[in-house]
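Work through the exercises below with the sequence and the model open. Try each task before reading its solution.

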Amino acid sequence: MQEQEIIRRYFNYPVGSGGSGVTLGVGDDAAVLTPPAGQLVVSTDTLNGGVHFFADADPYLLARKAAAVSVSDIAAMGGRALWLTAALTAPATTASDWFLQFSRGLASSSSDYVYTVVGGDLTCGEQLSITTTVIGVCTTPPLTRAAAQVGDDVWVSGTIGAAAHALAVRLGTLPAAAAADMQAAEACLHNPVPRQTLAAALATTAHAMMDISDGLLLTAEEIAKQSTVAICLDAEALALPASFVALNGEQQRQCQFVGGDDYELFFTAPAAAAEQIATLASAAKIAVPLSRIGKVSAGSGVTVQLKGQPLSFATSGYCHRFS
């Protein structure tokens, strides 16, 4: 099939319930959108085959993850997603059913996270590559990496490290847990959940926020640097994924601190708000574990402690490197 036929057949999404402000979506040279009240926030992410996903990746889940990584960035600013565009490069041998499953994955994501797919691009190339751009809105001042304050508590959502464990099992570098426990870890890797509802609940409470895509330690270092503060993390305070029963302590900490691909929220907030934040974990629309894992102080850099003793890591997390 030719490009335009694939787009008409699989990607001609109607303007749905999430399409507030969409005058014209897929099918023309550009989308026509009316911004709502508030500040627009925009995030773009690219997933490349052989770097971010395996060649046999399920196209349905791949579409959901490609969307989730950008929606997660909007959430980390305290915003909500409105519109998404997707640029897809695929080999000429790609089967029509692959496009069908990919389009269904995007549709399910837009339904779950209440945004509208309004356009994109389809090209032919040697390697599969997916670029998503999400436009969202903040109705309160955006949460940034540069606003952590001395005395803040440090929090994370979810269970950090499960996605890294699932990836390591696939690569053959770490042992697997029982199938039921690995299933949950694989879901974290292949079908991450952007924490939009939680982020919205924290929008007027948290000081600094960032999503954990490249590693917990790297995330903490970025916020400490941008905010010109020091951060101390307590390794014992992190909730453990169920799959970690297959790992020793050192393996667990490697997954948690430098593994990445979590798309959970890392945020700092006033100590006085601790009880209020803790109650969010059981809120019906949020229902995600929240762990208070550290403290912000004067100074610089990040330290990690276990039972009062410092821990060191060979790397802070994943980083693309160029010559």
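The model is predicted, so local features need pLDDT of at least 70 and side-chain atom pairs count only at pLDDT 80 or more, while totals for chains, interfaces and linings use all residues. Residues are numbered from 1 along each chain as its sequence is written, and side-chain values use heavy atoms, with hydrogens and water left out.

**Exercise 1. Describe how α2 packs against α3.**

Step 1. Locate the elements: α2 covers residues 59–76 and α3 covers residues 96–113. Helices (H or I, at least four residues) and strands (E, at least two) are DSSP runs, numbered from the N terminus.

Step 2. Take the geometry: the angle is about 40 degrees and the axes are 7 Å apart. Axes are lines fitted to C-alpha atoms, for helices over the stretch in contact, and angles run from 0 to 180 degrees between N-to-C directions.

Step 3. Classify: α2 and α3 are therefore oblique to each other. Angles under 35 degrees count as roughly parallel, over 145 as roughly antiparallel, 65 to 115 as roughly perpendicular and the rest as oblique.

Step 4. List contacts (heavy atoms within 4.5 Å). On the α2 side they include Pro-59, Tyr-60 and Leu-62; on the α3 side, Trp-98, Gln-101 and Phe-102 are among them. By class, nine nonpolar, four polar and three charged residues make up the contact of α2 with α3. Here Ala, Val, Leu, Ile, Met, Phe, Trp, Tyr, Cys and Pro count as nonpolar, Asp, Glu, Lys and Arg as charged, and the others, Gly among them, as polar.

**Exercise 2. Give the strand order of the seven-stranded sheet and find its edges.**

Step 1. The order is β8-β10-β7-β11-β9-β12-β13, in an open sheet with mixed pairing. Two strands pair if DSSP finds at least two bridges between them.

Step 2. β8 (208–212) and β13 (309–311) each have a single partner strand, so one side of each is left without a neighbour in the sheet.

Step 3. On average, neighbouring strands of this sheet are turned by 30 degrees against each other, direction ignored.

Step 4. β8 and β10 (residues 264–269) run antiparallel and are joined by five bridges; Asp-211 has Leu-265 in β10 as its bridge partner.

**Exercise 3. Is β7 covered or open, and which strands does β7 pair with?**

Step 1. Five of the five residues of β7 are buried (under 20% relative accessible area; exposed is over 50%, partly exposed in between; 1.4 Å probe, protein chains only).

Step 2. Asp-153, Trp-155 and Ser-157 lie on one side, Val-154 and Val-156 on the other, and both faces are covered.

**Exercise 4. Check the phi values of Val-114 and Ala-287.**

Step 1. Most residues other than glycine have a negative phi.

Step 2. Val-114 has a positive phi of about 55 degrees and is partly exposed at 44% relative accessibility. Val-114 sits in the loop between α3 and β5 (116–124).

Step 3. Ala-287 has a positive phi of about 45 degrees and is exposed, at 56%.
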